[in-house]
Amino acid sequence: MSRKREGLRDFFAHYLPLYKGYKKEVTAAVVGMVLTSAATGAIAYMVKPLMDRIFIEKDVQMLYLVPVFIIAAFVAKGLGTYMQSYAMSYVGQDVVRKLRDNMLSHLMYLGVDFHQKIHSGELISRINNDIERIQVAISTQLATFLRELLTALVLLGVVIYQSPRLALYTLIIVPMVAFPVDYLSKRLKKLSHRSQEKNADLLQRLSENFANYEMIQSYNAQAYEVERFRAFNRSFFETNMKTVRVQLMITPILELVAAVAITIFIILGGREVLIEGTMTTGQFFSFLTALSLLIDPVRRLSNLYSRFQNAVAAHERISQMMGETPSVVSGTRPLDTIERLTFEKVGLRYGQKRALEGIDLEIVKGEVVGLVGDSGGGKSSLVNLVLRFYDPTEGKVLLNGVDARCFDLQALRSRMAVVTQRVYIVNDTVLANVAYGDKAPNRKKVEEALKKANLWDFVASLPEGVDTILQENGANLSGGQRQRIAIARALYKEPDILILDEATSALDNKSESAVMETIYRLKESLMVLIVAHRLTTVERADTILVFEEGRIVCRGKKEVLERDCEAFRQLYRKEKGA
Ligand SMILES: Nc1ncnc2c1ncn2[C@@H]1O[C@H](COP(=O)(O)OP(=O)(O)O)[C@@H](O)[C@H]1O
Ligand SMILES: [Mg+2]
């Protein structure tokens, strides 16, 4: 309980100061709030003259005056509520807009390790749902809380003013109303939570089905998938119906309890008016009106606490994420060109998992290095270290003889280009895809890069050439074309270090050797690291590194390895056998 309260305090300590930037809106909200609660109080109060002056004293003038007041009060109430809600929504939406921007820019700069740890679906759901919860809390719910609290106080004032004695009884009776409603609300909250989970399951199933429909059809598994969906769907339905049952109970129960309470007051108040004569009829009805108007604010206030808790939980999740710092920190030294790449006794661990051990290596400009070995051997991990996606757990990676951690990270990455099996195609022109990240794309260079990647003929044959829009994920390209776009993208960057991590696996032999031809032609101005899934890809390399369980077990030219390295011969045999 106290932890919950603490969470609430942290939440407001974090968000309330933001309201300082919205003086105009906050003023409007306060004015609107006062207007609403004063008008509600006035409506309840008005019942007294309505009764006493019109019906008891039969004052005809009042008969025409009171309705005008009543309408005016309702207009004021509506206006006030609108003003307040609008102003608060504005603040909430605007704060959340900024939060969303901050969150994406924060997440975009966090390390690769963070994104590998946390599922992208979870990140999206946080950016989406958690922020939504915070927005509702700091706009609508806070507004409701303040407004209903003030309204309840004003109405309570009317209640006490009209009859302090009867008011005393409300202290007993109001909680009586609140209790069952509170119980049902809690139950409802649990159910709606469960329903959200089931809905997420359902969406997950749908997206999996649509993403894999080719597979599903080729295995004739439609019926199986439909059956699986049906089970999730039914369970979602059942939870929803449970929710409906509880939801529909709330209003009748509330009304019944309220009716009982009001009946009690009719008896108690009636005695005061008729028998004891301590109250006028008007006073009594005004009292009763104020009391029935009180039910709504009290009910809303009692709901709010648990709703705020949702926002607190959302805030805690988001803060935790915003508190994550990039594990790879940029240095300050500028970096114009990389001439030499050195690994000194480098080891890398992912948590407990050891991926590299005792790596010594030196590559200079003009060299092509091939990395081979069984899957899981540590080849991609070495690439991760070159790109500084991770820093070594032991030893050092040096660029031009200086620890890579000293250099400005952006400068470092701008001197390297990597192509992996997974290609990111942006839903934009070929030009924008090849000149990706370049604010001023150079058409001539794009054409050059496409030629080098052996893709120019294809692009030139497209209806709009390099200005043709590519579909998201490259749906209108073949796997090989996608990879060649990525290779062109890497070449466009004119890097000092070019890394191909199984980048040619989707290419046929002819395309692959064309790309390799280009790379060997450019090699004087480059360091090239090629992780190959086929030994033929790297047979011309200046050095081949053979990886086995995180270590380099042999290195040298192909001819040397064939003669001296058992691990290499084994790989060769495996490939021939396959
Ligand atoms: N992000 C990661 N978290 C934990 N373990 C990883 C991660 N990436 C790779 N590994 C593990 O490190 C080892 C080396 O992987 P990797 O460098 O990808 O090998 P390769 O590219 O040679 O197939 C493997 O055992 C792999 O399971
Ligand atoms: Mg790999």
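Q: What is the handedness of the crossing of H2 and H9?
A: This is a predicted model, where local features need pLDDT of at least 70, side-chain atom pairs count only at pLDDT 80 or more, and totals for chains, interfaces and linings use all residues. Residues are numbered from 1 along each chain as its sequence is written, while chains are lettered from A and ligands numbered from 1 in the order written. Helices here are DSSP runs of H or I with at least four residues, strands are E runs of at least two, and both are numbered from the N terminus. A crossing counts as left-handed if the near helix is turned anticlockwise from the far one by less than a right angle and right-handed if clockwise, and for H2 and H9 it is right-handed.

Q: How is H2 oriented relative to H9, roughly parallel or roughly antiparallel?
A: H2 (residues 23-56) packs on H9 (residues 281-322) at about 155°, with the axes 8 Å apart. Angles over 145 degrees count as roughly antiparallel, so H2 and H9 are roughly antiparallel.

Q: Which element gives the largest share of the shell around ligand 1?
A: The shell has 13 residues, the closest including Lys379 and Ser380; near means a C-beta atom, placed from the backbone, within 6 Å. Strand S2 (353-364) and helix H10 (379-386) each give two or more residues. The largest share, 3 residues, comes from H10.

Q: How far apart do the C-alpha centres of domain 1 and domain 2 lie?
A: Domain 1 covers 1-162 + 304-327 and domain 2 covers 164-278, with bounds from an automatic or database domain assignment. Their C-alpha centres are apart by 22 Å.

Technical notes. Axes fitted to C-alpha atoms, helices over the stretch in contact; angles between N-to-C directions. Parallel < 35°, antiparallel > 145°, perpendicular 65-115°, else oblique.
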